[in-house]
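Subject: the structure I promised you

Hi,

Here is the structure we talked about, with my notes below it. Have a look at it first, then read on.

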Amino acid sequence: MAAAGAVDKRRLAWAPTPVTLLFRYSSGSMTFRFIHTADWQLGKPFGRFSPELAAQLRAARIDAIGTIAAAARAQGAAHVVVAGDVWDCETPSDETLAKPLDAMAQAADVTWWLLPGNHDPAARHGLWDRLRAGTLPANIRCLCSAEPVEAAPGVVFLPAPWESKNPGRDLTEDYARKATPEGALRIGIAHGGTVEFSQDAVQSSAIAKGAAARGGLDYLALGDWHGHKRVDERSWYAGTPEPDRFPQNAPGYVLSVEVAPGAVPVVEPLRTARYCWSADRLELLAEGDPVTRFEALHDQSFERRYRLAKVEVTGAVRLEDRAALLDHIGRESHRYAHLETEHSRLDTLIEAAGLEAMGAEGSLRQTAEDLHALSEDAAADPSRRDEAKLALDLLMTFAA
Amino acid sequence: MRLDAIRLRHVRGFGEEGVALEGFAPGLNILSAPNEFGKSTLFDALRAALFYGHTRAPKEIKSLEPDPGGGAPEVTLELTTQEGRFRIDKRFLRKRMAKVTDLSSGRVVAEADDAERWIRNVIGADTPGEGPAGLLWVEQGASLRQPDAAEGRGEAVLSLLGREVQDATDGERSRHVLARATEALEALVTAQTRKPKAGSPYARAIEAAEALRGEVAELKAAVHASRSLREDLARTEDALRRIEDEERSRDRAERLAAAEARLGEARDRRAGLAALRIEAERSAAFAREAEEALSALRDEQAAAREARRTLGEAAERAEAAGGKRKEAVAALDAARADSAAAAGRARKAEEALAEARRAQQAARAREGLERLRRDISAAREARDALRALGPPAPPPDLSELEERHTRFLQAEARAEAARARLIVEATDGSLRLGGEPLEAGAERPLSAQSVITAGAGIRFRVETPAGAAEAALDAARAAYCEALHAVGADDLDGARRSAAEARAREAERGRLKESLERLAPEGFEALEDEVEALRTLAEAADEAPSVEEAEADHEQASRALHEAAGRTEALRDAADAAREAQARIDGDLRVAEARWQDALSRLGPEAAWPEALAAQDARLGAAREAAAAAAGTLREQAAALPDLAVLEAEVARLRQAVANARDEADRLRQDRARMTTELRHFRAEGAEERLAEAEGQLEAAEADEARYGRQVRALILLTETLGRAQTERRDRFLAPVTAELAPLLGSVFGAGSLVLGSDLAPETFLRASADEPVERLSGGTREQLAILTRLAFARLMAKKGRPMPVILDDALVFADDDRIARMFTALNLAASDVQVIALSCRQRVFDDLGGTRIRPRPLNGPG
């Protein structure tokens, strides 16, 4: 199990450590290694959770900066590129703005390259103006202009910052027109969904396929997709380093990227998440112990106090097993950072043995049978059937 | 359990002596005793022994003490259970003890807490009001309370009702589940309306969601406002930047400077043009002056010539006027002479007229003198007659005399009436009264002293005493005489005559005075003066013409004089007019002469006038040429001058543009400062972060709201379903109770059945007439139903091997005679299976109850 906030050492074990030379020249060419991350969304409030948990989740996102800095050091990377949505909103509070800066300043050996994204566009008098108006730590560079900037000798970053919530065009289109010194590595940094997986095919600001190739890029560091994802051999989404929702992708990573002229970039995902957000479906059958099945859902890689889990229980289960499962979930929920279950689609099998606890023929038995019949009544309103299931659960609880 | 005996000591009024109730039968027992005997004390002591631990001292126990500091309350019960006969001994408050003794062996079965447990096992409860006793016993004043199984009171009954023990267990568990479900439901919603309960998690979730919706709306507005503000600020800065752009500012300043230079130059040129305009105007003025001078010279020369002509004409007219004036004066003089002659004639005619009028006056004076002299003579006669009348004497006032005379006559009449009367009936003619002969038939009153004579020698003197009437007559007579004397008369007629004469004299005096006043109003001297004056007038000569003739002459002379004067006056006017005409013409002549002389003085000799006129005409030509030249120069210069208004407008425009730019920049800077401050405020609020947080909270709150709503609906479904099931089952397993109750109801009410609730309390009384809720029945019926239900429970328990006595403490208090007899029958019917102990103070009524009489005796007395 990984310690919260620590870099997964097992995954980093292969890295050539320590990397004292950031640029390795081979046959007259050089290699540039950096950390690619995105979608920190600092200051995200997590208001749907309890105030305590929300505060912990907010803190975890700031703590992730230290984890990323450690990953960079471990990888021998002196640069961390954050490909948009560094902050969660355009106008974060001073505290939300300042604390991450302090965390980045603490990692003085790392240069942080911050790109405005759709959540925190570089609109006039937005947070980026506030950053520039203040005293920005020397190791923090804001990529608020779409002008190439030399990150290191022979390495040019081509940022595509968002200057508004809706730029209305594919900002990577400009890459082809941006001239860089002959032989320099061209690394694009952009934010936004790609046309490929954008649900909205006509999304005007979506990044078209082949953007890296058209822009003559050696690597295109992308942000917006919260899981890490390879778009093409030179284009990657890093995902968020600290998950913030229940997606079915792979959040909680940063990418260690090694770029060399003419070579396909070498990209290595590194786990950085403190919290694990999981969304699972538990399909139950009449046979088998549902409690055991539930327990098997979540491995031990994360302590449950760092797990936010959403479980939809479906299928069919015997009445007594259902009661046992719900009772178990009720007790287990206290161990989780957050646990929510949905079992309205879980059917209950009523057997004689299952009703033994209700007595042979008493009013409780009669009530259980009536409620079960209603829950199974195909002619009844679905919400009424759902209420009958819940009433049956409550009956079992009260009669226990 | 069956009660066999109760013994008390040191319990309230029973004190040291105590009381013993023994010999309770298995069936019906009656303890009938008057009030204050202590039946309720027996009831309370029985409950104390069965339900209160001997170590406890609640108020129910303390109330058993006879007196403070008295003996400790002791209660002994003997009872029979399925295990045998036992005695329970208990002492409370002091030297506390509890003991159970097996009466068959004398062995102490249990002591202290073990004894309490033993009792609890037998009774099935350890609290008053619980267990079968709570169900079956009716304490005094509670007879109307229906039995109910709440709080475990019906446990013993319920445990007997079902066909299997399982049923009873299910009943209790089912109630427990229903109670929990109801509790869970009512923790969320109200019992009646099922609306979210104030303060419940459900209500809080709804309130939280509502509040968060409001907060989200407000924060969205704030975020929107913040975004708009940033956009406005950016626009403001862009605008300010444009305004403050140096190149544009410089260009604007240069354009203003060039315009101002052009305007200055134009103004200078306009100043030069003003001088030219002045010169042109001056030249034009010179030309106009020359033209006017020429015109004036011409006019002056013409006027001089006119003056010369006028002078000649005036001289001619003056000469003619002089002739006319002389003629007029001569005519006037002649007229004046005529007028003087006419005046002389008129004076003479006037004098003649005056003379004629004086003669006429003298004649009239003489006539007047004669008449006046007659008047004087008449006046003197009147004056003499007045003097002859003597001094005026007013006629005497006879009113007093007349009144006294009247009173005298009245007194005399009253005296006459009062006097004796002499009536002559027959006389020889010699009869006389006071010398007056009396004829037969005469009747005379007799005075105070009357003398009657009859022939010679016969004389009667009749005296009558003086009465009041006579005295009054004397007084009236005296007053009358006094009045006569006052007017100087002898009798009334004399007085009346004297008065008439006096009035005639006064009338004559008046007439004379009037005549005198008329003839000589101002006295005789005035008349004499008038005579003298008339005499003078009358002395005029008699030879004078007549007045008419004199007046005709006078009128003729006056008319002639008037005509002469008119002619004179007309001629005087003509002479005056002639003089005025001559004076006027002389004035004109002098004026014409003056003008002519003046013209000559100014214009010189008339021969030089044409030359002067030519010279002036030449000056006019020169002046006109100079004016035309100046005007031409002015026009040329004016045409070449730029439009100053246009230049001024341009300069003003450019200056305004500069000022506007400055003002706009100031405004924009202020706006920028304001918006920057507001933006800082928005940042401080962190509205966007708070919005995201509130939206998350709202999502959670709405999920809670939905979850609680679903839970409420499920709980309602559960409670309704379970309640239905319980009702069905209750109806089924209460059948044995109903069966036990039926004969009892029949014995009292003839027919009918009771519907019992889940708490075993009667709910509805079903009769042939109607189904009635028990709470609406009369007090007596409710009381009887309560007792019958308890008896039914007790019968059922007895049949199930768990007998328990029914104790009724003054229970049948509302029953009428007929109904109480029926109840007695029912009690006897029930007592065949159940021990019934009835306590009553109604001794005579309860004599008919039957059963076993329990007679209390002192505890230490003979048994």
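To start you off: which residue forms a salt bridge with A:Arg365? The partner is A:Glu369, and the closest N and O atoms of the two are 3.0 Å apart. Both residues sit in helix H8 of chain A, four residues apart, or about one turn of the helix. Over all chains, the count comes to 97 salt bridges.

Before you go further, please keep in mind that this is a predicted model.

**Inside chain A**

Chain A is split into domain 1, residues 9-271, and domain 2, residues 276-399. Where they meet, eleven residues of domain 1 of chain A are in contact with ten residues of domain 2 of chain A. Together the two domains bury about 940 Å², with 68% of that on carbon and sulfur atoms. On the domain 1 side of chain A, the residues that lose the most area to domain 2 are A:Phe49, A:Leu53 and A:Phe246, which together make up 49% of what that side buries.

By class, the side of domain 1 of chain A that touches domain 2 has six nonpolar residues, one polar and four charged. While you are in chain A, look at A:Arg48 and A:Glu340 as well: their side chains meet in a salt bridge, at 2.6 Å from N to O.

**Where chain A meets chain B**

How many residues does each chain bring to this contact? It takes 42 from chain A and 42 from chain B. The area buried between the two chains is about 3,700 Å², and carbon and sulfur atoms give 56% of it. In chain A, A:Arg124, A:His125 and A:Phe398 lose the most area to chain B, together 20% of what that side buries.

Between chain A and chain B there are seven salt bridges and 15 residue pairs in polar contact. Helix H8 (363-376) and helix H9 (382-399) of chain A each supply at least two residues of the side that touches chain B. H9(A) gives the largest share of that side, eleven residues. The residues of chain A that touch chain B divide into 16 nonpolar, 14 polar and twelve charged.

**Chain B itself**

The domain assignment of chain B gives domain 1 (2-154 + 760-853), domain 2 (288-390 + 497-641) and domain 3 (399-496). The centres of domain 1 and domain 3 of chain B, taken over C-alpha atoms, are 146 Å apart.

Do look for helix H13 of chain B, residues 547-603. Its 57 residues reach 82 Å from first C-alpha to last, close to the 84 Å expected at 1.5 Å a residue.

Over to you!

Technical notes. Residues are numbered from 1 along each chain as its sequence is written. Chains are lettered from A and ligands numbered from 1 in the order in which they are written. This is a predicted model: local features need pLDDT of at least 70, side-chain atom pairs count only at pLDDT 80 or more; totals for chains, interfaces and linings use all residues. Side-chain values use heavy atoms; hydrogens and water are left out. Domain bounds come from an automatic or database domain assignment. Contact means heavy atoms within 4.5 Å. Buried area is the accessible area (1.4 Å probe) that two parts lose on being put together, summed over both. A salt bridge is a side-chain nitrogen of Lys or Arg within 4 Å of a carboxyl oxygen of Asp or Glu. Ala, Val, Leu, Ile, Met, Phe, Trp, Tyr, Cys and Pro count as nonpolar, Asp, Glu, Lys and Arg as charged, and the others, Gly among them, as polar. A polar contact is a pair of N or O atoms within 3.5 Å; within protein, one must be able to donate a hydrogen and the other to accept it, and residues adjacent in sequence count only if both atoms are side-chain atoms. The expected span of a helix is 1.5 Å times one less than its number of residues.
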